[in-house]
Amino acid sequence: MAARDEDGTVQVGLEDDDSLPTIGNDTAVRWNEEQAWEEANKGSSSILPFVNAFFLTVATVLGTGILGLPVKLAKTGFAPFIVSYTLTFIMQALVLAFTVEVMQRGKLMADNEFAAEHKMIPMEEFDVEDDAEDDSDVFIAGGTEKQAKISSSQDSMSNNSESSAAASAAHGAEGPDLHTLGRLFLPNKWMSIPFDISVMLHFVSILISYSLAGSLAYAALFQIESQFRWIIIPFIFLGTTLLIAGTNYFPKLFHSSISLATLAKGALLVLLVFVTSRVADEVNHPIIDSWRYIGRPFLIGTVAMGGAVNILPVVFAKIRFRRREVIIFTWVVIGALFFVWILNVLWCYFLLKTIPQTAPEGVEEDKNNVLTLEGAERYGKPSTVPLVNIIHDKYPQFMWVAFTVDIFIMTSITVSYITVGTGLQHVLDGMAANMRPSALPRVALSWFDRVRSKIYTMHIRWKKAALYLIFFGGVFAVAFSNPESFLIVMERVTSLALNLEAGAFVVFMLWQSRKLSGNTSPIPMALPDWVYALRWAV
């Protein structure tokens, strides 16, 4: 039954469904504010999504950064590092808060544009028994089978804009991914494409670091360090297969398992920090501070404290779109970041008390027997290498600590590889969803358009498979061809990509999302003005 509102809106079949948005002649699709805030204040929510968010954030951040960070303290010492690293923590916490607001606005914009595209249908396409005085600017919001068929037909014939394609992709159950957020809030391809490159570069480079560090740890456990290059093959293949199969076929079991594995990883790190403190008390090596080199650990510090922004869309999709839950979610992920900050600071302090920062004059280290932090930096080794060597050579009573180190690295890197790989998969799925025929030009004018047309008309499963093969295959190719590049990849490539993504593009998207007129509808939690003003500091 059709009914006409006071503003001229024709509504069909909405008598018993208050969840659909009201659509009028002069009004875009928007939420009913009173209903939204009433819904926001009722009902109870599960704690599991927040627990999952905490552990996934820890698993993402607590990766190879903790292995490479102490290496950069050879000339800096501890006190200058604390100042630099605390500043890095504050900046990364702000980035997380900014990203949460951008995701809220992205979800709201996606929901509104999706509703506008699929529920606003021209009146003249239907035989409505109601006496419409004219056809112009009259729409019906419906749910009948006939309307659905005509809507589908119109959708296939229309040439939607790229932002509409992004909005529809973001409307799915997984919510907006980083690629889609870039399409929504970066005004043109000259900004969205560099953003995509920085995101993908960060994902790929950090996964390369995980592959190298994880393979080295497994090789050390089985005492085949000289052949650790061949461990890279099963490490990447099994890890990638596990994350793709888990997220697609057993998502609940997969995420629960990752949370439990991260809990074990955190417990192992706490144990490792404790047992390392025992070795540090025995060695009690003096720490030499130099404020002249306060900036040396900055780049690697951003890697050791950053990266959570890439996993946020994955965990944000699991919570309800309500003010209370968004506030709790924001504090949970910042709390997870603070937990990592504490563990990293303690870890670096005890390593500085155990491992000499530099070698004595006239003594040169061999890359196969690194005993100082300076030597680890020179030969591109993780900080655990000189720790294990010192224990083996001088303190054999603590060999069980070396075994604990290997177990921690294996667990930590394996969990982190799967967790960050899940974030990369989320972005790749968003890219595949945006490759819709409706986003193509009407006429293929060049060979590039024709090739793109063939790709865009493929089944989405084949699109995803192709993207997985390209990017995860790229991780394997770089790691296997250059297995000594651990520290170089982390400090130069990963940190550069992360600073571009979090320090430039996220801040710009926050500003752009507030500027867009389509986001005038209230979001559950907007940042206070004083926090928003700090975007210039980031």
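**Entry 1: E101 and its partners**

I started with E101 and R514, which form a salt bridge whose closest N and O atoms are 2.6 Å apart. This is a predicted model, so I'm reading positions off a prediction. E101 sits in helix α4 and R514 in helix α19 (residues 486-515), so this pair ties together parts that are 413 residues apart in sequence.

Next I looked up how covered the two residues are. E101 has a relative accessible area of 0%, so I wrote it down as buried. R514 comes out at 25%, which makes it partly exposed; the cut-off for buried is under 20%.

E101 has another partner, R105, and their side chains meet in a salt bridge at 3.1 Å, N to O. Both residues belong to helix α4 (residues 79-119) and are four residues apart, about one turn of the helix. R105 is buried, as E101 is.

How many salt bridges does a search of the whole structure find? I got five. One that I followed up joins R296 to E377, with the closest N and O atoms 2.7 Å apart. R296 is in the loop between α10 (251-283) and α11 (298-305), while E377 is in helix α14 (residues 373-378), so the pair ties together parts 81 residues apart in sequence. R296 has 24% relative accessibility, so it goes in my partly exposed column. I also found K72 linked with R296 and E377 in a network of salt bridges.

**Entry 2: the nonpolar core**

I moved on to the largest nonpolar core, which has 121 residues. Which members touch the most other members? They are L207, F329 and L428. Helix α13 (residues 323-354) gives the largest share of this core, 16 residues.

Skipping its neighbours within four places in sequence, I listed its contacts as F50, A53, V100, M103, L312, V315, F316 and I319.

T57 is in helix α2 (residues 48-61). Is it buried or exposed? Its relative accessibility is 1%, so T57 counts as buried. Leaving out neighbours within four places in sequence, T57 is in contact with A308, V333 and A336.

Q425 is in helix α16 (residues 399-434). Its relative accessibility is 3%, so I noted Q425 as buried too. I then asked what the side chain of Q425 makes a polar contact with. The partner is the side chain of T247, at 2.8 Å. T247 also turns up when I list what Q425 touches beyond four places in sequence, along with L243, I244, N248 and Y468.

**Entry 3: an exposed lysine**

For contrast I checked K394, found in helix α15 (residues 384-394). K394 has a relative accessible area of 58%, so it is exposed; the cut-off is over 50%.

**Entry 4: checking a helix length**

Last, I did a sum on helix α8 (residues 189-221). Its 33 residues, at 1.5 Å a residue, should span 48 Å, and the end C-alpha atoms are 47 Å apart, so the two agree. Just after α8 I spotted Q223, which takes a positive phi of about 60 degrees.

Methods:
Residues numbered from 1 in each chain as written. Predicted model: local features only at pLDDT ≥ 70, side-chain atom pairs only at ≥ 80, totals over all residues. Heavy atoms only, no water. Helix = DSSP H or I, 4+ residues; strand = E, 2+ residues; numbered from the N terminus. Buried < 20%, exposed > 50% of the residue type's maximum accessible area, 1.4 Å probe, protein only. Polar contact = N/O pair within 3.5 Å; in protein donor to acceptor, adjacent residues only side chain to side chain. Contact = heavy atoms within 4.5 Å. Core = buried A, V, L, I, M, F, W, Y, C linked by side-chain atoms within 4.5 Å. Expected span 1.5 Å × (residues − 1). Salt bridge = Lys/Arg side-chain N within 4 Å of Asp/Glu carboxyl O.
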